[in-house]
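Open the model in your viewer and keep the sequence panel beside it. The stops below say what to select and what to look for there.

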Amino acid sequence: MARLFDFFRKDPLTKSLEKIQNGDIEEREKIIESYIPFIIKTVSDKLNKYIESENSEEYSIGIEAFNEAIDKYESSRGSFIAFAEIVIKNRITDYLRKNRKHHNVVFMSQFEEDETNKLQKHLRTDDFTENFALKSEIEEFENKLKQFRITFSDLVKESPKHIDTRANGLRIAKFIASNEDLKEDLIRKKSLPSKKIIEELGVTAKVLKRSRKFIIAAVIILDSNLDQLKNYIAQTKGGAKGGL
């Protein structure tokens, strides 16, 4: 009898949540539908931008998080709305961190593993929105590489691993980027102006062939407004030697 009185004393939302936790699928759908504006607002507040309910991965994560909150909620946790807000924001944070890590790793993989800590330190942030500029730069960099038929996978496989070889590649890239004729030749033909480079710098054709994609990638960064990627190159081993 006491439990019956407790049930009637509970607010309608709490009653609905108990029904859902006892397997009422229709009640779950009804609650989710009625709280969609709350979910959108919570996700939008976390992202600091408005999201749509159509074709939005963040919105889907918000729905999943709201479902998780329903399943895990206990009256001892206090207000369900406050609890659900925490769960949604935590799941969005997890998503953003995972997304951020993915974009950082894409670019870091071009260089030696012992340099990744430096890049992570340089780009570390607790809020993905503050790191949006880096994401945009990497996307722009990828598009520029495609014009030369170069992919990130190519760079991973073919970028020089030895410090001295990489330093020499950066030196060549700087030379090209600072020479308008060589740079225009590279952009127009989509290949290194090997003959002129060999004559001016005294490097061998073998060196250019082995580091071709790395050199082109470095020229693209140096001759651009990709400031964060420029800063990273300046701090990589060999960058200082080349004066980048």
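Select threonine 93: is this residue buried or exposed? Threonine 93 is buried, at a relative accessible area of 14% (buried is under 20%, exposed over 50%, partly exposed in between, with a 1.4 Å probe and protein chains only). Threonine 93 belongs to helix H6, residues 80–108 (helices are DSSP runs of H or I with at least four residues, numbered from the N terminus).

Residues are numbered from 1 along each chain as its sequence is written, and side-chain values use heavy atoms, with hydrogens and water left out.

Next, select helix H4 (residues 36–47) and helix H5 (residues 57–72), which pack at about 120° with their axes 9 Å apart. Axes are lines fitted to C-alpha atoms, for helices over the stretch in contact, and angles run from 0 to 180 degrees between N-to-C directions. H4 is therefore oblique to H5 (under 35 degrees is roughly parallel, over 145 roughly antiparallel, 65 to 115 roughly perpendicular, the rest oblique). Show side chains at the contact (heavy atoms within 4.5 Å): H4 contributes residues including Phe38, Ile39 and Val43, and H5 residues including Tyr59, Gly62 and Phe66. By class, this contact has 9 nonpolar residues, 1 polar and 1 charged.

Move to lysine 213, in helix H14 (residues 212–222). Lysine 213 is buried, with a relative accessible area of 14%. Which residues does lysine 213 touch, neighbours within four places in sequence aside? They are Ile150, Asp154, Leu155 and Glu158.

On the H10 side the contact includes Leu170, Ala173 and Ile176; on the H14 side, Phe214, Ala218 and Leu222 are among the residues.

Finally, colour by pLDDT, the predictor's confidence in each residue, from 0 to 100. The protein chain has a mean pLDDT of 77, and 75% of its residues reach 70 or more. Residues 1–9 are below 50, with 3 contacts beyond near neighbours in sequence. Residues 102–130 also stay under 50, and the model has 55 contacts for them beyond four places in sequence. Where pLDDT is low, the predicted coordinates should not be read in detail.

Methods
This is a predicted model: local features need pLDDT of at least 70, side-chain atom pairs count only at pLDDT 80 or more; totals for chains, interfaces and linings use all residues. Helices (H or I, at least four residues) and strands (E, at least two) are DSSP runs, numbered from the N terminus. Ala, Val, Leu, Ile, Met, Phe, Trp, Tyr, Cys and Pro count as nonpolar, Asp, Glu, Lys and Arg as charged, and the others, Gly among them, as polar.
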